[in-house]
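I opened a new structure today and took notes as I went. Here is what I looked up.

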Amino acid sequence: MSARLWAMSGLLVAIGLILQVSLFDAFAWQGVVPNLVLMVVVAGALSRGGQAGMVLGFTAGLLMDLAPPADTVAGRWALALLVAGYVAGRFRQDTPTGRPSVTAVVATVATCSFVATSIFALTGMILQDPAIGFGEVLRVIGIGLFWDVLLTPLFLPVLLTLYARADAEARRA
């Protein structure tokens, strides 16, 4: 990716993170908020491929790990979003046209949400995060999946359009 695309990705991650920890915190359902940063990672990976998705996922996840009110072991979201970026990027490479259908995009977000939330929750259990039981993990994964799929039609088309325009500008330059 060009420096311009990385800068745009960084800005989108920052905006997503700020909205996620401030505005969307008011919409928390049993403590789980929509993961807008995941949406940015999936859009970047669908637009640029697995390698860019992994770098973007790791960076975005590390910012999530360190952003207040973070109270968990740093690196858990970095690992989770790195894997999600890889999964979404591999999906991009598996489509013949490079432009997935709407159904495929929703399925990709659902898969990445399930994978990322599962990795985050299971690493919490392994690292003995305070009092997280298996039933709690399943509840968090289910609610996270619901939120992310619900918000996909609102956010992902905008993000994919921004990436497509930035990519077109980078090719012209």
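I began with a pair of helices: the axes of H5 and H6 come within 8 Å and cross at roughly 145°. I note that the model is predicted. I looked up the handedness next, and H5 passes H6 in a right-handed crossing. Then I listed the contacts. Residues of H5 including Val105, Phe114 and Met125 meet residues of H6, among them Phe134, Leu145 and Leu160.

**A patch on the surface**

I searched for nonpolar surface. Leu122, Met125, Phe134 and Leu138 make a nonpolar patch of about 370 Å². Helix H5 (102-126) and helix H6 (134-172) each supply at least two of the patch residues. I checked methionine 125, which lies in helix H5. Methionine 125 counts as partly exposed because its relative accessibility is 31%.

**Salt bridges**

How many salt bridges are there? I counted three.

Arginine 4 and glutamate 169 meet in one, at 3.8 Å from N to O. This pair links distant parts of the chain: arginine 4 is in helix H1 (residues 3-21), glutamate 169 is in helix H6, and they are 165 residues apart.

Aspartate 167 pairs with arginine 48, with the closest N and O atoms 3.0 Å apart. Here aspartate 167 is in helix H6 and arginine 48 in helix H2 (residues 36-48), 119 residues apart. Aspartate 167 also bridges to arginine 171, at 3.1 Å from N to O. Those two are four residues apart in helix H6, so about one helical turn separates them. I noted that Arg48, Asp167 and Arg171 are linked in a network of salt bridges.

Is aspartate 167 buried or exposed? Aspartate 167 counts as buried, because its relative accessibility is 13%. Arginine 171 counts as exposed at 67%.

Conventions: Residues are numbered from 1 along each chain as its sequence is written. This is a predicted model: local features need pLDDT of at least 70, side-chain atom pairs count only at pLDDT 80 or more; totals for chains, interfaces and linings use all residues. Side-chain values use heavy atoms; hydrogens and water are left out. Patches are made of residues with over 30% relative accessible area and no salt bridge: like charges are joined within 9 Å, nonpolar side chains (Val, Leu, Ile, Met, Phe, Trp, Tyr) within 5 Å. Accessible areas come from the Shrake-Rupley method with a 1.4 Å probe; for residues, only the protein chains shown count as cover. A salt bridge is a side-chain nitrogen of Lys or Arg within 4 Å of a carboxyl oxygen of Asp or Glu. Buried means under 20% relative accessible area, exposed over 50%, partly exposed in between (1.4 Å probe, protein chains only). Axes are lines fitted to C-alpha atoms, for helices over the stretch in contact, and angles run from 0 to 180 degrees between N-to-C directions. A crossing is left-handed if the near helix is turned anticlockwise from the far one by less than a right angle, and right-handed if clockwise. Contact means heavy atoms within 4.5 Å.
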